[in-house]
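Dear colleague,

A summary of the findings follows it.

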Amino acid sequence: MPIRVRLDRILLERRMSLTELADRVGVTIANLSILKTGKARAIRFSTLEALCRELDCQPGELLAFEPGPPDDDLEDDEG
Amino acid sequence: MRALGPGSVSSFLKIILDVVYVALWIGAGVTAILALGSLVFDIDPALFGRQLTVRIDASGLPRQLLTTDLFAVTAYAIGVLIIVDRLRRIFSTLTAGDPFHPDNVRRLRVVGVMLAALELGRYPVVAVTLWLAPKADVSQSGVNLTAWFAVLVVFVLAEVFREGARLRREAELTI
């Protein structure tokens, strides 16, 4: 996925843990981990809004486009 | 009528599948024993009356035909058993609330392949029957279009499930 979620860097800058962010945003740690590790396929506007609100940032700071290989077919993810 | 739970269509279908599954195990077991027995012992075909796949006077059946028929019936029962087994597994995912599980695509394809195999397997059995007993009145000796249509339907449904599984996976990974 050429879209990267820069959650790691922003969390470090804000000195906030993933657990704390999960509590504030109302998203499970498991789902935030999926987002952080770049395994997520999509992000809801409501999640993005909550993340931006709690991290005091713009969506553009959270997401970045890094040219890479085309998106893998979802079926390949099944293993 | 409810879709899931007691008194629902699915619970009714589940009971039917379970009963058919057990009946097929018993049927396949009995015919397999009889088929093997017909190789060793001289079983009188008249014992089976007119219940075999060929509608001729059973007492006039050649012994090889009886053995062929018994093995064919056993193979047929095993084929249907595989289909029912996959349907039961698909049903278990439905009752678990996850019908678009990726494994169901493979299961539906197995059902389609088995339906095709059962229809293809019928042709040599009919040919052998007519060869051993030329006067036999074999029901549906030609190509069964309904069977091939069923195969087509199952493969189309498998593709629908594949897309359903993809959407499910996408929804799972939407945060």
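In this predicted model, helix 2 (residues 18-25) of chain A and helix 4 (residues 45-55) of chain A have axes that come within 10 Å and cross at roughly 120 degrees. Helix 2 of chain A is therefore oblique to helix 4 of chain A. The crossing of helix 2 of chain A with helix 4 of chain A is right-handed. On the side of helix 2 of chain A, the contact is formed by A:Leu21, A:Arg24 and A:Val25; helix 4 of chain A contributes A:Ala50, A:Leu51, A:Glu54 and A:Leu55. By class, the residues of this contact comprise 5 nonpolar, no polar and 2 charged.

I turn next to the interface between the chains. Chain A supplies 15 residues to the contact and chain B supplies 8 residues. Between chain A and chain B, an area of about 1100 Å² is buried, and carbon and sulfur atoms give 61% of that area. The number of salt bridges between chain A and chain B is 0.

Over all chains, however, the structure holds 20 salt bridges. Side chains of opposite charge can pair when their charged atoms come close. One salt bridge joins the side chains of B:Asp18 and B:Arg88, at 2.9 Å from N to O. This pair links distant parts of the chain, 70 residues apart: B:Asp18 lies in helix 1 (residues 9-40) of chain B, and B:Arg88 lies in helix 2 (residues 63-95) of chain B.

Yours sincerely

Definitions and conventions:
Residues are numbered from 1 along each chain as its sequence is written. Chains are lettered from A and ligands numbered from 1 in the order in which they are written. This is a predicted model: local features need pLDDT of at least 70, side-chain atom pairs count only at pLDDT 80 or more; totals for chains, interfaces and linings use all residues. Side-chain values use heavy atoms; hydrogens and water are left out. Axes are lines fitted to C-alpha atoms, for helices over the stretch in contact, and angles run from 0 to 180 degrees between N-to-C directions. Helices (H or I, at least four residues) and strands (E, at least two) are DSSP runs, numbered from the N terminus. Angles under 35 degrees count as roughly parallel, over 145 as roughly antiparallel, 65 to 115 as roughly perpendicular and the rest as oblique. A crossing is left-handed if the near helix is turned anticlockwise from the far one by less than a right angle, and right-handed if clockwise. Contact means heavy atoms within 4.5 Å. Ala, Val, Leu, Ile, Met, Phe, Trp, Tyr, Cys and Pro count as nonpolar, Asp, Glu, Lys and Arg as charged, and the others, Gly among them, as polar. Buried area is the accessible area (1.4 Å probe) that two parts lose on being put together, summed over both. A salt bridge is a side-chain nitrogen of Lys or Arg within 4 Å of a carboxyl oxygen of Asp or Glu.
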